[in-house]
Amino acid sequence: MTASPPRSPDGVAALQRRTVRTLAAGQVLGGIAFGATVSLGALLASKLSGEESLSGLATASVTLGAALCAIPLARLAARHGRRRALTLGNAFALTGIALVITAAQLELFALFLVGVVLIGAGNAGNLQSRFAATDLAVSERRGRDLGTVVWATTVGGVAGPLLLTPGESVGQLLGMPPLTGAYAFSILAQIAALALYLIALRPDPLLTAQRLDREGAARASHIVEADRPLTARYAIFAVAGSHVVMASVMAMTPIHLAHLEPDHVTLIVGVTIALHVFGMYGLSPLFGMLADRTGRIATILIGQGLLAASLVIAAILPGSPWAVLVALFLLGAGWSAATVAGAALLTESSRTAVRPRRQGISDTVMTGSAAVGAVLAGIVLGAIGYGGLALVALVIVVVVTALAPYAARR
């Protein structure tokens with residue numbers, strides 16, 4: 001049975017609170033698969049292909065899958081609601097995890113890449129959750145609500161890497177291939193997330209927002225603002241640029257750390273990536289409140305400052321595992337500030353009717369460019385090292401910062 005959509009302002013506010021709670025719980029569960037794939041992807045790619053230079057294809061495949069599915073899932077959400085789009089993403093991720101485990105068992109690199117692409121398709125649904133948090137949000141709380149949902153990924157995203165060691169023990173008991181044990185936890189989490197969205201995400205927030213917009217009821221609570229396409233374009237560019245920087249450097253970090261600490265690779269990689277993921281998601285409520293109080297563009301620029309600090313540390317001290325750990329935390333924090341503020345800026349710069357399309361374009365550009373960046377990162381790493389890769393990424397940060405005045409144009 002479909003829940004009755006609210007019509008009063010109090011009813012809309014109550015639905016928004018319930019929606020944020022549901023999305024946050026779903027992100028906790030979905031983040032486990034993301035964290036495990038980030039940690040294990042490069043190592044599995046290197047093992048199955050026999051070439052370290054191909055390790056970046058794991059992250060590239062994740063982002064490619066998200067890029068391919070972002071617009072179709074956004075269109076599906078626009079027509080049939082967020083619930084259907086999010087549950088389809090969960091189904092993609094479950095299929096992808098099964099293929100990755102099978103590929104590791106059969107030692108088939110091509111099948112592994114297909115599985116990772118499908119996990120990336122599921123991640124497109126996770127990315128859409130942050131926009132779902134803004135469908136019914138008033139402007140004064142948009143950044144905070146968005147940040148809350150992004151923050152929820154911290155639990156799963158940090159748990160994913162930390163489950164590598166116990167996952168191997170579980171994997172041995174279950175007869176799973178090496179380096180895939182943590183995916184046993186991911187399967188359970190994805191099934192739980194799928195059930196949660198099917199049951200609890202009612203009434204659908206996007207369908208409710210569209211109805212309120214048609215009736216004119218939403219304007220009284222500041223849900224719909226004037227359309228500002230120039231500002232929306234900068235928001236898309238800032239989010240994509242920040243994501244490319246983060247994904248490119250992060251994708252090569254496990255390989256770099258494996259050379260620095262070959263005897264403790266799973267431990268050092270797990271801790272470093274867990275701290276990085278905490279930087280990505282753990283501080284997002286803070287950046288959401290900052291974006292609401294000081295402005296979206298100002299928070300995007302704070303993110304660029306954090307990204308720059310991370311890259312400078314990585315460039316100066318690439319041989320220190322502790323310096324790399326600090327750099328990865330700052331890299332995640334910078335990404336968080338830019339992504340939360342950028343998503344809020346894109347949402348409030350787009351009318352309700354065009355929001356899903358622009359949000360889908362944003363996710364496609366973000367993930368597609370990061371896929372290319374991850375592949376090129378492997379080549380750059382081999383040519384000029386980890387420090388050189390950081391300096392190349394710094395160029396993108398400079399460009400995003402320089403173009404910030406563009407967003408202020410009306």
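Residues are numbered from 1 along each chain as its sequence is written, and side-chain values use heavy atoms, leaving out hydrogens and water. Because the model is predicted, local features need pLDDT of at least 70 and side-chain atom pairs count only at pLDDT 80 or more, while totals for chains, interfaces and linings use all residues.

Me: How far does helix H3 reach from its first C-alpha to its last?
Reply: Let's start with what a helix is here: a DSSP run of H or I with at least four residues, numbered from the N terminus. H3 covers residues 82–106, which is 25 residues. The expected span is 1.5 Å times one less than the number of residues, and for H3 that expectation is 36 Å. The reach of H3 is close to this, at 36 Å.

Me: Is Glu-107 buried or exposed?
Reply: The scale is relative accessible area, found with a 1.4 Å probe on protein chains only: buried means under 20%, exposed over 50%, and partly exposed in between. Glu-107 has a value of 56%, so Glu-107 is exposed.

Me: How are H3 and helix H7 oriented, roughly parallel or roughly antiparallel?
Reply: H3 and H7 (residues 183–200) pack at an angle of about 165 degrees, with their axes 9 Å apart. Axes are lines fitted to C-alpha atoms, for helices over the stretch in contact, and angles run from 0 to 180 degrees between N-to-C directions. Angles under 35 degrees count as roughly parallel, over 145 as roughly antiparallel, 65 to 115 as roughly perpendicular, and the rest as oblique. The angle therefore makes H3 and H7 roughly antiparallel.

Me: How many charged residues are in the contact of H3 with H7?
Reply: Contact means heavy atoms within 4.5 Å, and among the residues that meet are Leu-86 and Ile-97 in H3 and Tyr-197 and Leu-198 in H7. Ala, Val, Leu, Ile, Met, Phe, Trp, Tyr, Cys and Pro count as nonpolar, Asp, Glu, Lys and Arg as charged, and the others, Gly among them, as polar. The contact has 14 nonpolar and four polar residues, and the number of charged residues is one.

Me: Which residue is joined to Arg-202 by a cis peptide bond?
Reply: Most peptide bonds are trans. In this bond, omega is about -10 degrees.

Me: Is Leu-23 buried or exposed?
Reply: Leu-23 is found in helix H1 (residues 9–49). Leaving aside neighbours within four places in sequence, Leu-23 is in contact with Leu-86, Ser-129, Ala-132, Ala-133, Val-149, Tyr-197 and Leu-201. Its relative accessibility is 0%, so Leu-23 counts as buried.

Me: What is the relative accessible area of Asp-145?
Reply: Asp-145 lies in helix H5 (residues 142–162). Not counting residues up to four places away in sequence, Asp-145 touches Gln-16, Val-20, Ala-133 and Ala-137. Asp-145 is buried, and its relative accessible area is 7%.

Me: What is the handedness of the crossing of H9 and H13?
Reply: H9 (residues 229–260) and H13 (residues 321–348) pack at an angle of about 160 degrees, with axes 9 Å apart. That makes H9 roughly antiparallel to H13. A crossing is left-handed if the near helix is turned anticlockwise from the far one by less than a right angle, and right-handed if clockwise. For H9 passing H13, the crossing is left-handed.

Me: What orientation do H9 and H14 have to each other?
Reply: The axes of H9 and H14 are 5 Å apart, and the packing angle is about 40 degrees. Their crossing is right-handed. With that angle, H9 and H14 are therefore oblique.

Me: Is Ala-383 buried or exposed?
Reply: Ala-383 is found in helix H14 (residues 355–402). The relative accessible area of Ala-383 is 61%, so Ala-383 is exposed.

Key: Helices (H or I, at least four residues) and strands (E, at least two) are DSSP runs, numbered from the N terminus.
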